[in-house]
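The points after the lead sentences are grouped by topic.

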Amino acid sequence: MNSNNAIFLEPASHSYLGNDLRDVFLQSQHNYTNQENDPSTNSGRLLVFQIKDVVLFPGETIPLRFSEPAIIRIVKEIIAHYSVNSTTGMCNSIIPLLGITHSARKNAIGTAVEIRSWSEQIVQSNPPSSHDELVITAKGRRRFRIDHAYRCEQSRSTYFTNVCFLDESIKCLDYSNLSRQHLYGLPFPKWVYSAYSPKTLAQKASSLYAAMPFKPHQSAMEYSESSPEMDPVDVSFRICSSLPLQFQHLQQLLEANDVIDRLRLVISLMERESRKRLACAECGNPLASQSQIFNFRGAEGIAGAYVNPHGVVHQTITVRSLLDPADSVLIDESSPPSTADCWFPGYAWSVVHCDRCFNHLGWRYTPATANAMTDSNGSDSGEDSEEEEEEDDNEGDEEEERGEDCEAMETNSNESFDAVGDRMLIVADGGEQSSRDFPVMFWGLRRAAVKPV
């Protein structure tokens with residue numbers, strides 16, 4: 001075993017964004033899910049970003065990259081308005097919030113995100129030139145509904161909006177509004193009340209999620225009525241974000257009126273979910289068994305959100321193996337696997353397309369080696385989507401649209417890996433073998449590019 005030391009960097013840290021991310025002081029512990037129905041706090045103005053094929057639930061983290069000078073200035077002003085009294089530790093101003101939605105139309109539902117860290121960088125491009133870039137990581141906090149939206153002149157996917165924040169508090173249910181009325185003054189059977197009890201529904205949803213064919217994400221799996229710290233609202237969002245569902249189902253879950261409707265819908269989806277495979281969303285080409293879905297250690301879940309150098313956000317499902325990679329996918333062999341901006345430190349990526357329809361499915365990840373490590377300007381850093389090309393008026397080629405990533409390896413060149421079976425063992429500081437083990441090769445499938453079949 002190689003004796004070199006290694007530093008394990010979690011994908012959720014988004015180390016590919018650079019080492020100079022500055023944390024925003026967020027110690028107010030503001031509760032976004034159980035806020036009182038106060039009209040003064042239930043509406044506001046948000047800078048909203050329309051991101052195609054991304055559904056973000058409260059509790060999920062999303063990284064963003066901005067290169068337009070006007071947008072950089074506005075976002076920096078939002079961060080600057082958030083200040084903390086150094087004596088009391090209390091907030092003096094607003095929480096730094098942005099909005100994420102798939103559509104900026106009136107009454108569209110999105111998620112307000114709280115900026116957690118940020119960094120301003122000078123990016124060198126090819127041909128030789130440079131431009132400023134602002135990168136941030138943000139965490140989903142509260143859903144909102146758009147009342148009015150005004151497009152920002154400097155960016156077609158950015159809007160100034162007036163929004164209404166949705167109340168997530170659990171209210172007492174008026175059972176008299178149920179379709180069946182009390183008969184002769186007698187109460188409903190117990191099962192009627194259970195069908196609309198948030199705690200009972202959360203427990204049932206957790207049990208169904210634990211029985212899914214893939215290994216469940218631990219943070220969303222366990223719930224019991226004896227655990228008062230577990231909020232049914234929080235459980236509903238965690239389970240929804242951890243399922244390999246199609247975009248329209250995820251959007252329906254995000255738009256549910258309240259926690260009861262959301263839990264009932266996700267339970268219905270899991271109960272009738274007999275499909276065990278993932279296939280290409282365009283042509284139905286079978287790709288992988290759902291049992292091969294796994295949580296990469298250090299990632300937030302089975303479908304983390306990551307951003308490429310061109311600002312395109314992908315929610316990526318990690319799977320250990322494909323059904324028949326030789327006949328189902330095409331791997332871009334025109335350039336060696338690249339570690340540039342890699343979302344999973346220690347690996348190199350190659351672009352993967354569907355063998356039938358050439359839909360961009362995602363990436364293959366293999367251990368980074370000396371001959372696999374490439375400079376960000378020396379290889380095709382690319383991962384593309386036709387949708388993004390249309391959105392950008394076909395500006396930029398396929399290479400520009402899907403850049404993916406492993407800068408972290410360049411900053412941690414002392415990492416060493418030994419293959420053992422189908423795992424890869426990381427050597428920890430001091431030369432001791434880490435208890436963490438990783439697959440020698442795995443696949444990252446774009447959530448928007450696959451569907452359960």
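A residue counts as buried when its relative accessible area is under 20%, as exposed when over 50%, and as partly exposed in between. Tyr 306 is buried by this rule, and Trp 343 is buried too. The model is a predicted one. The protein has eleven helices and 19 strands, and 49% of its 453 residues are buried. Among contacts with a separation of 6 or more, 68% are between residues 24 or more positions apart.

**Aromatic pairs and cluster**

- A pair of aromatic rings is described by two values, the distance of the centres and the angle of the planes.
- Rings of Phe, Tyr and Trp pair if their centres lie within 6.5 Å, and planes under 30 degrees apart count as stacked.
- The count by this rule is 15 aromatic pairs.
- The ring centres of Tyr 306 and Trp 343 are 5.2 Å apart and the planes stand at 15°, so this pair is stacked.
- Distant parts of the chain are linked by this pair: Tyr 306 belongs to strand β10 (residues 303–307), while Trp 343 lies in the loop between β12 (329–331) and β13 (347–354), 37 residues apart.
- Tyr 365 and Phe 442 also form a stacked pair, because their ring centres are 4.9 Å apart and their planes are at 15°.
- This second pair likewise links distant parts of the chain, with Tyr 365 in strand β14 (residues 360–367) and Phe 442 in strand β18 (residues 442–446), 77 residues apart.
- Tyr 365 and Phe 442 are both buried.
- One aromatic cluster is formed by Phe 294, Phe 296, Tyr 306, Trp 343, Phe 344, Tyr 347, Trp 363, Tyr 365 and Phe 442.

**Packing of α3 against α7**

- Helix α3 (residues 198–210) and helix α7 (residues 259–271) have axes that come within 9 Å and cross at roughly 25°.
- Angles under 35 degrees count as roughly parallel, and α3 and α7 are therefore roughly parallel to each other.
- The crossing in which α3 passes α7 is left-handed.
- On the α3 side, the residues in contact are Pro 198, Leu 201, Ala 202, Lys 204, Ala 205, Leu 208 and Tyr 209; on the α7 side they are Ile 260, Leu 263, Arg 264, Val 266, Ile 267, Met 270 and Glu 271.
- Sorted by class, this contact of α3 with α7 has eleven nonpolar residues, three charged residues and no polar residues.

**Packing of α6 against α7**

- The axes of α6 and α7 are 8 Å apart, and these helices pack at an angle of about 155°.
- Angles over 145 degrees count as roughly antiparallel, and α6 and α7 are therefore roughly antiparallel to each other.
- The crossing of α6 past α7 is left-handed.
- In this contact, His 249, Gln 252 and Leu 253 of α6 meet Arg 262, Leu 265, Val 266 and Leu 269 of α7.
- By class, the contact of α6 with α7 has four nonpolar, two polar and one charged residues.
- Val 266 of α7 is listed in the contact with α3 and also in the contact with α6.

**Gln 251 in helix α6**

- Gln 251 is found in helix α6 (residues 247–255).
- The relative accessible area of Gln 251 is 7%, so this residue is buried.
- Leaving aside residues up to four places away in sequence, Gln 251 touches Val 55, His 102 and Ile 109.

**Burial of helix α5**

- Helix α5 (residues 232–241) is mostly covered, with eight of its ten residues buried.
- The buried residues of α5 are Pro 232, Val 233, Val 235, Ser 236, Phe 237, Ile 239, Cys 240 and Ser 241.

- Asp 341 is not a glycine, yet its phi is positive at about 55°.
- The loop between β12 and β13 holds Asp 341, and Trp 343 lies in the loop between β12 and β13 as well.
- Asp 341 is buried because its relative accessible area is 7%.
- Phe 358, also a residue other than glycine, has a positive phi near 65°.
- Phe 358 is placed in the loop between β13 and β14.
- With a relative accessibility of 44%, Phe 358 counts as partly exposed.

Terms used. Residues are numbered from 1 along each chain as its sequence is written. This is a predicted model: local features need pLDDT of at least 70, side-chain atom pairs count only at pLDDT 80 or more; totals for chains, interfaces and linings use all residues. Side-chain values use heavy atoms; hydrogens and water are left out. Helices (H or I, at least four residues) and strands (E, at least two) are DSSP runs, numbered from the N terminus. Buried means under 20% relative accessible area, exposed over 50%, partly exposed in between (1.4 Å probe, protein chains only). Contact means heavy atoms within 4.5 Å. Axes are lines fitted to C-alpha atoms, for helices over the stretch in contact, and angles run from 0 to 180 degrees between N-to-C directions. Angles under 35 degrees count as roughly parallel, over 145 as roughly antiparallel, 65 to 115 as roughly perpendicular and the rest as oblique. A crossing is left-handed if the near helix is turned anticlockwise from the far one by less than a right angle, and right-handed if clockwise. Ala, Val, Leu, Ile, Met, Phe, Trp, Tyr, Cys and Pro count as nonpolar, Asp, Glu, Lys and Arg as charged, and the others, Gly among them, as polar. Rings of Phe, Tyr and Trp (its six-membered ring) pair if their centres lie within 6.5 Å; planes under 30 degrees apart count as stacked, over 60 as edge-to-face and the rest as tilted.
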